[in-house]
Amino acid sequence: MPSHRHPRLPGQVALPEQKSAAPSPGRLARFNAAPADVVTRALLACCGSLRWAQRLADHRPYPDLGALLAAADEAAYDLTPADLAEALAGESLTLLPDGAYSAAHTALSAAHAAYESRFGHVFVICLDGFGPEEALDQVLAGIRARLANEPEEERVLTAEELRRLARGRISRLVRTFDDSSGSHPETAESKDSGHPDSPYVPV
């Protein structure tokens, strides 16, 4: 599969990838063997493009998590503008931690409104590696930096953030497959509700 490298754009917030333990081979085998419709629905929780999810489901089996993530990256790089719009439509806004002061809600709402007014879609950023207490500052800084981008530049950056989000979500999703006959895996969001990027920004 060809390697894709995208230069970092001006104003991009450099964020470390989430370091997660690999799922067991048994869980990946169950991911490979599950019905296509079950896997497709689960993958849509990782990225809301139906074509992306179906492509990953149809190309099973994967020998290991690395191969699955590489396929997810490749499919993400191939998202059309329509696919990207579909995926963004499934993303939601940031949910602040319980007890966040009202001024934080006001600032975040205003920042999101300014971003959506300029670009016509929700703001997306991967927060893997950051704790809940850092989320607000990272989101506000990211929005303010990226508001200066041109629309096409921001579209490319948004697609890259979605790709990074999908990688983390897939890693968590595969770990939800268990031995129960006929059971459906939990979505990445429900399984990892306590993770720093759950609520994702947005997911």
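User: How many helices and how many strands are there in the protein chain?
Analyst: This is a predicted model in which local features need pLDDT of at least 70 and side-chain atom pairs count only at pLDDT 80 or more, while totals for chains, interfaces and linings use all residues. Residues are numbered from 1 along each chain as its sequence is written, and side-chain values use heavy atoms, with hydrogens and water left out. Helices (H or I, at least four residues) and strands (E, at least two) are DSSP runs, numbered from the N terminus. On that basis, the protein chain has nine helices and zero strands.

User: What percentage of the 203 residues in the protein chain is buried?
Analyst: A residue is called buried under 20% relative accessible area, exposed over 50%, and partly exposed in between, with a 1.4 Å probe and protein chains only. Of the 203 residues in the protein chain, the buried share is 48%.

User: Where on helix 3 do its buried residues lie?
Analyst: Helix 3 spans residues 50–58, and its buried residues are Trp52, Ala53, Leu56 and Ala57. Seen down the helix axis, the buried residues fall within an arc of 130 degrees (taken from the directions from the axis to the C-beta atoms), so they line one face of the helix.

User: Which helices do the buried residues of helix 3 pack against?
Analyst: Contact means heavy atoms within 4.5 Å. The partners of these buried residues of helix 3 are helix 2 (36–44), helix 4 (65–77) and helix 8.

User: Which residues of helix 8 does helix 6 meet?
Analyst: From helix 6, the residues taking part are Tyr115, Arg118 and Phe119. On the side of helix 8, they meet Pro151, Glu154 and Thr158.
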